[in-house]
Amino acid sequence: MADGIRIRPQPARLRAEGVGSAAGRLFIVRDLSRPLEPGDRCVTCGVPHEAKTYHLRMDADGTTIVSTGVWERFLAMPDHGGFETVNVVADPPAQGLVVPPAVVAIRPAHP
Ligand SMILES: [Zn+2]
């Protein structure tokens, strides 16, 4: 099995999210270089995204594991999608891109 890359949010991303710790939190990373067809609903969270979107659930240590292919995509994004590497994980136990059991879709309030 291919190596995985353990990543965590950069301190600036945590500040931008207004949280002190990433543990257990869901982070969204949008790859604006990969636009999606308008109206397509995300298979993970059910709402339309304007671009390829990664949903990253952090573990209790505030990290997650992604494939080397996904990390290469992040490296091509501004600020690496707001993430940084922790280490390389040989034979990772599971894909880091998980479907959370419940995601609350936040929609703008109607005026
Ligand atoms: Zn989504």
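Q: Which residues of helix H2 (residues 68–75) are buried?
A: In this predicted model, the buried residues of H2 are Val70, Trp71 and Phe74. To be called buried, a residue needs 20 or more other C-beta atoms within 10 Å of its own.

Q: What makes the buried residues of H2 line one face of the helix?
A: Viewed down the axis of H2, the buried residues fall within an arc of 100°, and therefore they line one face. The other side of H2 carries exposed residues: Thr68, Gly69, Glu72 and Leu75.

Q: What covers the buried residues of H2?
A: The cover includes strand S1 (4–9), S2, strand S3 (51–57), strand S4 (64–67) and strand S5 (83–89).

Q: What makes up the largest nonpolar core?
A: The core has twelve residues: Ile5, Ile7, Phe27, Val29, Tyr54, Leu56, Ile65, Val66, Val70, Trp71, Phe74 and Phe83. At least two residues come from each of S1, S2, S3, S4 and H2. H2 gives the largest share, three residues. To count as a core, buried nonpolar residues must be joined through C-beta atoms within 7 Å.

Q: Why does Arg30 count as partly exposed?
A: Buried requires 20 or more C-beta neighbours and exposed 12 or fewer. Arg30 has 14 inside 10 Å, so it counts as partly exposed. Arg30 lies in strand S2 (residues 26–35). Beyond its neighbours within four places in sequence, Arg30 is in contact with His49, Ala51 and Thr53. The C-alpha atoms of Arg30 and Glu50 are 8.6 Å apart, although 20 residues separate the two in sequence.

Q: Why is Asp79 called exposed?
A: The cut-off for exposed is 12 or fewer. Asp79 has 12 other C-beta atoms within 10 Å, and is therefore exposed. Asp79 sits in the loop between H2 and S5.

Q: Why does Asp91 count as exposed?
A: With 8 C-beta neighbours inside 10 Å, Asp91 falls under the same cut-off of 12 or fewer, so it counts as exposed. Asp91 belongs to the segment after S5.

Q: What is the phi of Asp79, and what is that of Asp91?
A: Asp79 has a phi near 55°, and Asp91 has one of about 50°. Both values are positive, and neither residue is glycine. Most residues other than glycine have a negative phi.

Q: Which are the edge strands of the open sheet?
A: The sheet has three strands in the order S4-S1-S5, with antiparallel pairing. S4 and S5 each pair on one side only, and they are the edge strands. From one strand to the next the twist averages 40°.

Q: How do you know that S1 and S4 pair?
A: Pairing takes at least two bridges. S1 and S4 have four bridges, in the antiparallel sense, and therefore they pair. Ile65 in S4 is the bridge partner of Arg6. H2 packs on the sheet, where it touches S1, S4 and S5, and its direction makes about 95° with that of S4.

Q: What is the mean pLDDT of the chain, and where is the pLDDT below 50?
A: The mean is 85, and 83% of the residues reach 70 or more. Below 50 are residues 98–106, a stretch with nine contacts in the model beyond near neighbours in sequence.

Definitions and conventions
Residues numbered from 1 in each chain as written. Predicted model: local features only at pLDDT ≥ 70, side-chain atom pairs only at ≥ 80, totals over all residues. Contact = placed C-beta atoms within 7 Å. pLDDT = per-residue confidence, 0-100. Arc of directions from axis to C-beta. Axes fitted to C-alpha atoms, helices over the stretch in contact; angles between N-to-C directions.
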